[in-house]
Amino acid sequence: MILENLDKTFLASGNQGKLNEFSSAFNSFKIKWTYIKDFPEFIHPEETGKTFLENAVIKAKSGLEQTGLPTFSDDSGLVIPAMNNYPGIYSARIGGEDLDDKSRAAFLVDKMKKGSIPSHTSAYFICVLVLALSNKDIYYTEGKVHGEIIFTPQGKNGFGYDPIFWLSEKKKTMAELSCEEKNKISHRGTAIEIFLNGNYKKATS
Ligand code: IMP
């Protein structure tokens, strides 16, 4: 019912790839998508939350406040349970803000080696997807994809930690999948799918 009633909607992201993924996934609804590049004055809120959900809610509420439009946001990252859920909400920042994706993945591998965490240790990507209709009407879903961290990067597709994220069933890393293959199994694809099926939960804040 919620999705059927959406008209002009804001995606709290400046990433054109993400906008395309959302508009194609939600194409059976009459949503008119806008994103950060349509609002040049948009100010990114500080992500001060302690969980993926808290950060996604911060972004969605800020989008709603600044644009006056129903706002989707997502927050995602890599989690390694054997390392106390590291890097978690800090996935985009470990090793310093200036590192590129390749160096950040190398930083993680180095940390694992130093901590005697073996190659093929279990990990998952998680994505929390939030829709804020008002400050009190906030809905969310969560998608995960499980895999293992390997020490030698493989593949050129995707981004972030994809080249060291091994999918044992496919015998490939995430970076060896095509964009379509990745969207089918990814944490973000799953969170979107759950939303489309109407299985969202209401956030308490
Ligand atoms: P964001 O919330 O989409 O900005 O993602 C935060 C960080 O998590 C990214 O900068 C990546 O380091 C990592 N990450 C999230 N999703 C993926 C993915 O699909 N592949 C690889 N890394 C990811």
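Predicted model: local features only at pLDDT ≥ 70, side-chain atom pairs only at ≥ 80, totals over all residues.
## Before we start

## The largest pocket

Let us begin with the open space. Rolling a probe the size of a water molecule over the atoms shows where empty space is left. The largest pocket holds about 1,000 Å³ of space, and 42 residues line it. Nearest its centre lie Asn15, Lys18, Ser76, Phe159 and Arg188.

Which elements give two or more residues to this lining? They are helix H1 (16–25), helix H2 (52–67), S3, H3, helix H4 (179–185) and helix H5 (187–196). Strand S3 gives the most, with five residues. Sorted by class, the lining of the largest pocket has 14 nonpolar, 16 polar and 12 charged residues.

## The second largest pocket

The second largest pocket has about 200 Å³ of space. Its lining is made of 14 residues, and those nearest its centre are Lys50, Phe52, Asn85, Gly88 and Ile89. At least two lining residues come from each of H2, S4 and S5. Eight residues of this lining are nonpolar, four are polar and two are charged.

Helix H3, one of the elements that line the largest pocket, runs over residues 101–114. Its 14 residues reach 20 Å from the first C-alpha to the last, close to the 20 Å expected at 1.5 Å a residue.

Which residues of H3 are buried? They are Arg104, Ala105, Leu108, Val109 and Met112. Seen down the helix axis, these buried residues of H3 fall within an arc of 140°, so they line one face of the helix. Their cover includes strand S3 (71–80), strand S4 (86–87), strand S5 (121–132) and strand S6 (138–149). Turn to the other side of H3 and you will find Lys102 and Lys114 exposed. After the helix comes Ser116, whose phi is positive, near 55°.

## The loop between S3 and S4

Ala82 sits in the loop between S3 and S4. Is Ala82 buried or exposed? With a relative accessibility of 52%, Ala82 counts as exposed, because the cut-off for that is over 50%. Setting aside neighbours within four places in sequence, Ala82 is in contact with Ile117 and Thr121. Ala82 and Ser122 are 40 residues apart in sequence, and their C-alpha atoms are 7.6 Å apart in space.

Asn84 has a phi near 60°, a positive value in a residue other than glycine. For Asn85, also a residue other than glycine, phi is positive as well, near 70°. Asn84 is exposed, with a relative accessible area of 73%, whereas Asn85, at 43% relative accessibility, counts as partly exposed.

What kind of peptide bond joins Tyr86 and Pro87? It is a cis bond, with omega at about -10°. Pro87 lies in strand S4, which is among the strands covering the buried residues of H3 and also supplies at least two residues to the lining of the second largest pocket.

Note on methods
Residues numbered from 1 in each chain as written. Heavy atoms only, no water. Helix = DSSP H or I, 4+ residues; strand = E, 2+ residues; numbered from the N terminus. Expected span 1.5 Å × (residues − 1). Buried < 20%, exposed > 50% of the residue type's maximum accessible area, 1.4 Å probe, protein only. Arc of directions from axis to C-beta. Contact = heavy atoms within 4.5 Å. 1 Å grid on protein atoms, 1.4 Å probe; cavity = no way out; pocket = protein on both sides within 12 Å on 5 of 7 lines; lining within 4 Å. Points joined across faces, edges and corners; volume = space filled by probe spheres on them. Nonpolar A, V, L, I, M, F, W, Y, C, P; charged D, E, K, R; others polar.
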